[in-house]
Amino acid sequence: MPALRHLTLSLLCLLPVGAAHALDHGNAIVTAARLLDVRSGRMLHDVTVQVEDGHITQVLEGRDNGIVSTDTPRYDLGDMTLLPGLIDMHVHLDSDPSYGGYTGLQYGDRFWSMLAVPHALKTLQAGFTTVRNVGSDAWNDVGLRQAIDEGKVVGPRLVTATYAIGATGGHCDSTFFPPSMDEKAPFNVDSPDEGRKAVRTLRKYGAQVIKICATGGVFSHGDEPGAQQLTLDEMKAIVDEAHMASMKVAAHAHGAAGIRDAIRAGVDTIEHASLIDDEGIKLAKQRGAWLSMDIYNTEYTQSEGKKNGVLEDNLRKDREIADVQRENFRKAHAAGAKMIFGTDAGVYPHGDNGRQFRWMVKYGMTPTEAIQAATVNAAQALDRNDRGAIEAGRLADLIAVPGDPTQDVTLLEAVPFVMKGGDVVKDARGE
């Protein structure tokens, strides 16, 4: 029977979300041995979660405690732990690490649009029911979000940044080609006014969050991660314009000076934060900026990058920055900086997002703190109070793992049960 159940649910995952929704109407009763209250860090026992129309209506200790229903689908998860659907705050769903350096040039532009669809499914089935896509080409993330929301393809809830805003010749520009090809990113800005106009244009065409490139990067050409590339005035203009439109701003920022100016400009989340110094940590705490530090992906890039075509200079930068970033993660956490879960998926294979949890624990977090970074903290950073915790009124985005992830966080590397909006999108129990 488990194999038949999994086959049925696997087939449902191939249907549009709306079709799966029509079969169970977003209603469910879910019972499990444990539920992690991510807000308090307390583990609840023998829990029942009632779901109606895709939202949680009750969370009770005691299985079926006070809930009577004859026709609502029931999922008895036995000796498993329920958690909120996970949130990855830094992904690139139209990127594929199999193609590094110049190897991706053998494919047309729409190739990457097509790859975003299976990447979204893999991400959702890994337990990540919400992701923030901070940078894509050709408005791919907007199209994907619209297709997911319309039930045409299966994927997580998607927060879209569209194109990243960067400086001419900077990390987010197109820097791998000679002048004769006249390659450039469409949203390079070199003044505060150009920054303001870029925000307005990106919002017009579907951006829900603004991504800027404040410093150099690892996988760009002709720069170094520590070098600042946007001025404080440029960043402030972009942030002011975005905040006026009630949009958050994420800053790619490896270097210490760029991190400090991004925080002074009012940026909401600092991505990578690899070379953050004591002053930057202090500023982040004072201004309430969140740090999103992708401390897993170098394990993949150093082992697989060369065979994927990544250039040696990029691998060099990756090697040089990896351990520094991880130690600064430890330092920032110990100092009490606010931290969220962001992996840079697309630099490594989509669906492996959960592999970062063990590194967050290795470098100073408790398992519960690492889980909070990917749930309640991430929801707060997104300013979305409809997800990130299992509470009445929130979206019924749930995952379950065997055992207790607060004792063994690596359980989150292979999530067997995933529910999005009350619909089961993965049930691999018994496999």
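Modeller: In this predicted model, a crossing of two helices counts as right-handed if the near helix is turned clockwise from the far one by less than a right angle, and as left-handed if the near helix is turned anticlockwise. By that rule, helix α6 passes helix α7 in a right-handed crossing.

Colleague: Why are α7 and α8 called roughly parallel to each other?

Modeller: Here the axes of α7 and helix α8 (residues 278-287) come within 9 Å and cross at roughly 15 degrees. That angle is set against the limit of 35 degrees, under which helices count as roughly parallel, and α7 and α8 are therefore roughly parallel to each other. From α7 the contact takes Arg260, Ile263 and Arg264, and from α8 it takes Glu279, Gly280, Leu283, Ala284 and Arg287. These residues divide into 3 nonpolar, 1 polar and 4 charged.

Colleague: In which hand does α7 pass α8?

Modeller: The crossing of α7 with α8 is left-handed, whereas α6 passes α7 in a right-handed one.

Colleague: How do you know that α5 and α6 are roughly parallel to each other?

Modeller: Helix α5 (residues 192-204) packs with α6 at an angle of about 30 degrees, and their axes are 8 Å apart. The class of roughly parallel helices takes in angles under 35 degrees, and α5 and α6 are therefore roughly parallel to each other. Pro192, Gly195, Arg196, Val199 and Arg200 of α5 make this contact with Asp233, Glu234, Ala237, Ile238, Asp240, Glu241 and Ala242 of α6. By class, the contact has 5 nonpolar, 1 polar and 6 charged residues. The crossing of α5 with α6 is right-handed.

Colleague: What makes a residue part of the lining, and which residues line the second largest cavity?

Modeller: A lining residue has an atom within 4 Å of a point of the cavity, and for the second largest cavity these residues are Leu93, Asp94, Ala116, Asn133, Ser136, Asn140, Asp141 and Leu144. Helix α4 (residues 140-149) gives the most to this lining, with 3 residues. The lining comprises 3 nonpolar, 3 polar and 2 charged residues.

Terms used: Residues are numbered from 1 along each chain as its sequence is written. This is a predicted model: local features need pLDDT of at least 70, side-chain atom pairs count only at pLDDT 80 or more; totals for chains, interfaces and linings use all residues. Side-chain values use heavy atoms; hydrogens and water are left out. On a 1 Å grid over the protein atoms alone, a cavity is a set of points where a 1.4 Å probe fits but cannot get out, and a pocket is an open set with protein on both sides within 12 Å along at least five of seven lines; lining residues have an atom within 4 Å of a point. Helices (H or I, at least four residues) and strands (E, at least two) are DSSP runs, numbered from the N terminus. Ala, Val, Leu, Ile, Met, Phe, Trp, Tyr, Cys and Pro count as nonpolar, Asp, Glu, Lys and Arg as charged, and the others, Gly among them, as polar. Axes are lines fitted to C-alpha atoms, for helices over the stretch in contact, and angles run from 0 to 180 degrees between N-to-C directions. Angles under 35 degrees count as roughly parallel, over 145 as roughly antiparallel, 65 to 115 as roughly perpendicular and the rest as oblique. Contact means heavy atoms within 4.5 Å.
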